Amino acid sequence: MSILKSLVLHFEKIMLGKHANSRLTTSTLRKAQIDRVISVNPLMVLVCYANAVSLIMHFWNTDLRNITIFFMAPILVLITHNAYAVHQFKLRKMPDYVGTTAIEKVTAYCSISALLWGSSLAVLFSSTSANPDFIVSAVIAGMLGGGAVAMSFVPSALLAFVTPIAILTTIAMFMYPTLDTVLLGILFLIYCFILVRAGMVFAKNLAKSVCKDLEQQKNADTISILLNEYAEGASDWLWEIDSSGKMTFGVENFSSAIGTDISSWHFKFDNVQKAFSNNKLFVQQNLEAIQEAFVERIPLQEITFGVGPNHQNMVWIEVSGKPQFDAEGSFMGYRGFAKNRTLEVEDQKNIQFLANNDTMTGLLNRSSFFSKIDQAFANYLESGSEFAILYIDLDGFKRINDTKGHATGDEVLVEVSKRLKSTIGKTAVIARLGGDEFAAMVEVDKATSKTEEIADAIIKTVAKPIQCRIQEVRVSASIGIAFIGKDGKDTQSVVSSADTALYQAKHAGKDCYRVFDTSMNEQVHRMNAMREALEKDLDNGALKLAFQPFFRSSDQSLAGFEALARWEHKDFGFVPPDVFIPLAEQTGLINKLGDWALREGCYIASYWPPHMKLAVNVSVPQFQQESFIERLENILDETKMEANRLELEITEAVFADNPEAVMEKVTKIKRLGVSFSLDDFGTGFSSLMYLIKFPFDKLKIDRSFLQQAERDESAKKVLQTIARLGEQLKMETTVEGIETAEQLSMVSELNCTYLQGYYFGKPQQVIDIGRFIARDVQRMLAEKSADNLIAFTPERKQAW
């Protein structure tokens with residue numbers, strides 16, 4: 001390795017540090033050094049010519065003329081050759097990789113030039129008279145300064161140029177016996193040291209700049225690659241609109257998303273709507289916000305708008321972007337990201353629909369209806385606006401369900417909801433409270449006749465024959481009417497009054513309406529009588545539990561049973577759960593009823609094979625009791641029931657008052673090993689927050705979704721959305737209400753965990769469920785998995 005190459009590599013290591021081993025970095029640095037040398041070369045040639053000519057002219061009429069010409073001639077030749085070489089080099093293309101050779105040549109040229117200049121200046125300086133020559137001193141300073149500036153970015157060339165001139169001229173100065181020349185020599189040495197140090201600083205700054213530029217270029221290349229991949233394969237895409245409103249990037253993505261070629265479109269920044277309307281497309285939501293941002297030249301922040309051929313077929317796109325300006329501040333257009341959010345928006349609509357509406361009929365659900373009553377009370381207090389509450393119950397609907405099947409019953413409910421909407425009008429609030437119960441709230445005049453006319457019209461329109469797929473059926477309606485303010489001072493009281501009036505309409509022979517008045521207190525007496533009967537039967541064991549099996553969807557093996565309370569009274573007859581359970585809640589018996597069902601169910605289930613679970617419904621008041629956890633622990637201990645086999649079913653209603661306290665209680669119970677399922681999802685308050693925030697183990701999909709999904713594609717999508725939601729949240733899911741093989745085939749596509757319904761088994765008395773268990777045990781034996789069955793104790797064997 002030559003001395004020059006070693007010198008070049010040494011200084012590169014000093015300048016680049018750890019980057020000196022990078023072939024790209026060193027090559028880029030050398031290119032930068034050569035560019036700077038070339039850029040100042042014309043100036044240096046001019047300086048050298050000027051200094052050489054000045055010296056010749058200065059000594060032309062002296063004895064030193066010949067010596068001056070002798071020294072300046074080779075310098076002028078060297079300068080001319082250098083100027084020509086640089087000119088030729090500039091004509092050639094810079095190679096991709098620059099080695100040390102170019103820097104070595106620059107260093108060698110500087111060394112030769114410095115030796116010529118140094119020796120000539122030293123001789124001329126020392127050959128003058130006793131006093132130092134001013135012109136020679138000025139040329140020495142000029143050559144040192146100019147050369148140091150020109151070569152400051154190439155340390156090896158800087159040293160090769162400054163060092164010979166400094167040494168030779170300083171020696172010549174020190175040869176003078178005067179104090180001034182000695183001081184001048186010392187000053188020149190200090191001057192040279194400063195020049196070299198400054199040159200090294202410039203060189204290091206250049207190296208840092210090169211490394212920074214390379215790093216930025218690397219990042220830019222990486223970002224460019226990622227953006228290209230992103231634009232080509234991601235669901236999001238880049239878009240760009242120029243100052244004329246023409247989209248210059250992302251055209252294909254937008255066109256594909258909305259199903260229309262937009263390559264020829266021009267978006268007017270003050271009228272964005274026009275581009276869509278000109279192409280017969282409807283736009284929904286937030287287009288005004290986009291136009292406002294365009295006009296004011298401000299960023300777009302995740303604005304979602306819908307576009308489509310009609311309001312039923314919309315594509316939802318989210319856009320973000322920033323305005324672009326050139327160096328002079330002129331507007332250049334917009335650039336940003338876009339994303340097709342159609343699936344998310346539709347899912348959110350479905351979830352929102354579940355939260356507020358009954359999926360079968362499209363009417364409001366119970367919680368939404370009660371919220372509307374709360375608002376009506378506020379209006380009543382502020383403006384005196386009067387509202388009537390109509391409670392509507394279908395007569396004979398249970399008979400249709402029992403004789404014609406649930407599918408026919410659902411058709412009846414859908415048709416009745418349509419008739420209610422057409423009869424009551426668009427301004428009324430209509431809801432399906434559950435089962436065959438409907439409700440409406442209408443604004444009324446001071447007189448009540450209008451409300452009674454509406455009730456009479458409802459009765460007449462509901463009584464008309466309903467044509468179902470199988471045959472024509474008939475139902476009638478009983479209606480109870482109460483007025484906000486007059487018949488109740490809050491939501492609960494006015495609803496109770498409407499319910500009491502409905503009972504009177506039922507008692508009067510059905511197919512009629514009754515307006516609440518205080519004489520209807522007989523209903524209260526009946527409720528008290530029923531309460532006393534319920535309390536007595538709870539004590540004497542007249543209530544029974546029925547058990548409905550549920551099965552694993554993977555192999556349709558028995559997974560466990562859901563415990564359901566049943567009450568049959570000597571005077572009241574068979575009382576449905578949707579009657580006596582609300583009664584128990586209203587009269588404070590629900591905790592006693594709930595404890596009985598939980599204890600009785602755990603005791604019976606403790607005798608089942610250990611792989612079978614027991615599901616028990618827990619009411620809101622029961623769960624909200626402070627002592628619920630303690631009572632649950634006592635029941636598990638008394639019945640010897642394994643906690644991990646117990647599943648508590650709760651509805652969203654338990655979260656209405658204090659979600660944080662509920663969360664704490666759920667967490668404590670889960671520590672015992674008990675699991676939780678969210679029951680009747682979509683029929684109550686239905687909020688995604690509950691699914692995300694609370695640690696449910698299972699999501700139970702109400703049978704109404706399945707029934708409606710058989711006939712309505714929209715309802716089927718809702719059912720699929722709920723199933724997908726449970727899967728994404730890693731929850732087990734149970735589909736309730738499976739009654740036919742066709743329904744089973746449909747839900748098999750949903751990847752749900754468990755199946756339940758009359759198709760597999762109706763609620764059974766405890767004495768009748770043995771055949772289900774025996775069949776499952778026989779299946780396990782056939783699959784040679786009897787080891788999974790833990791042997792019963794002698795007492796339990798005897799019991800079975």
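In this predicted model, strand β17 (residues 613-617) is joined by four bridges to strand β18 (residues 646-650), and the two strands run parallel.

Strand β9 (residues 437-444) takes part in two pairings. With strand β7 (residues 386-395), β9 pairs in the antiparallel sense over eight bridges. One of the residues involved is Glu386, whose bridge partner in β9 is Val444. With strand β8 (residues 429-434), β9 is joined by five bridges, and these strands run antiparallel. In this second pairing, Ala431 stands opposite Ala439 in β9.

The strands β8 and β9 form a hairpin with two residues between them, and in this hairpin Gly435 takes a positive phi near 60°. Is strand β9 mostly covered or mostly uncovered? Six of the eight residues of β9 are buried, so that the strand counts as mostly covered, where buried stands for under 20% relative accessible area.

## The six-stranded sheet

Another part of the model holds an open sheet of six strands, in the order β2-β1-β6-β5-β4-β3, with antiparallel pairing. Which strands stand at the edges of this sheet? They are β2 (247-249) and β3 (282-284); each has a single partner strand, and therefore one side of each is left without a neighbour in the sheet. From one strand to the next, the twist averages 35°.

Inside this sheet, strand β1 (residues 236-242) and strand β6 (residues 331-340) run antiparallel and are joined by seven bridges. Among the paired residues is Ile241, whose bridge partner in β6 is Tyr334.

Two helices pack on the sheet. Helix α10 (residues 287-296) touches β1, β3, β4 (300-310), β5 (313-325) and β6, and the direction of α10 makes about 130° with that of β4. Helix α11 (residues 342-356) touches β5 and β6, and the direction of α11 makes about 125° with that of β5.

## Cavities and a pocket

A search of the whole structure finds two cavities of 30 Å³ or more.

| Space | Volume | Lining by class |
|---|---|---|
| Largest cavity | about 200 Å³ | 18 nonpolar, no polar and no charged residues |
| Second largest cavity | about 40 Å³ | six nonpolar, two polar and one charged residues |
| Second largest pocket | about 660 Å³ | 20 nonpolar, six polar and two charged residues |

The largest cavity is lined by 18 residues, and those that lie nearest its centre are Met247, Phe254, Phe267, Phe276 and Phe305. Which elements each supply at least two residues of this lining? They are β1, α8 (251-258), α9 (272-277), α10, β4 and β5. By class, the lining of the largest cavity has no polar and no charged residues.

The second largest cavity is lined by Val8, Phe11, Glu12, Met15, Gln33, Ile103, Val154, Pro155 and Ser156. Helices α1 (3-16) and α6 (155-174) each supply at least two residues of this lining. Of the elements, α1 gives the most to the lining, with four residues.

The second largest pocket is lined by 28 residues, of which Asn82, Val86, Lys105, Val106 and Tyr109 lie nearest its centre. The elements that give two or more residues to the lining of this pocket are α2 (23-58), α3 (65-91), α4 (100-127) and α5 (134-150). Which element gives the most to the lining of the second largest pocket? It is α4, with nine residues.

Notes
Residues are numbered from 1 along each chain as its sequence is written. This is a predicted model: local features need pLDDT of at least 70, side-chain atom pairs count only at pLDDT 80 or more; totals for chains, interfaces and linings use all residues. Side-chain values use heavy atoms; hydrogens and water are left out. Two strands pair if DSSP finds at least two bridges between them. Axes are lines fitted to C-alpha atoms, for helices over the stretch in contact, and angles run from 0 to 180 degrees between N-to-C directions. Contact means heavy atoms within 4.5 Å. Buried means under 20% relative accessible area, exposed over 50%, partly exposed in between (1.4 Å probe, protein chains only). On a 1 Å grid over the protein atoms alone, a cavity is a set of points where a 1.4 Å probe fits but cannot get out, and a pocket is an open set with protein on both sides within 12 Å along at least five of seven lines; lining residues have an atom within 4 Å of a point. Grid points are joined across faces, edges and corners, and a volume is the space filled by probe spheres set on the points. Ala, Val, Leu, Ile, Met, Phe, Trp, Tyr, Cys and Pro count as nonpolar, Asp, Glu, Lys and Arg as charged, and the others, Gly among them, as polar.
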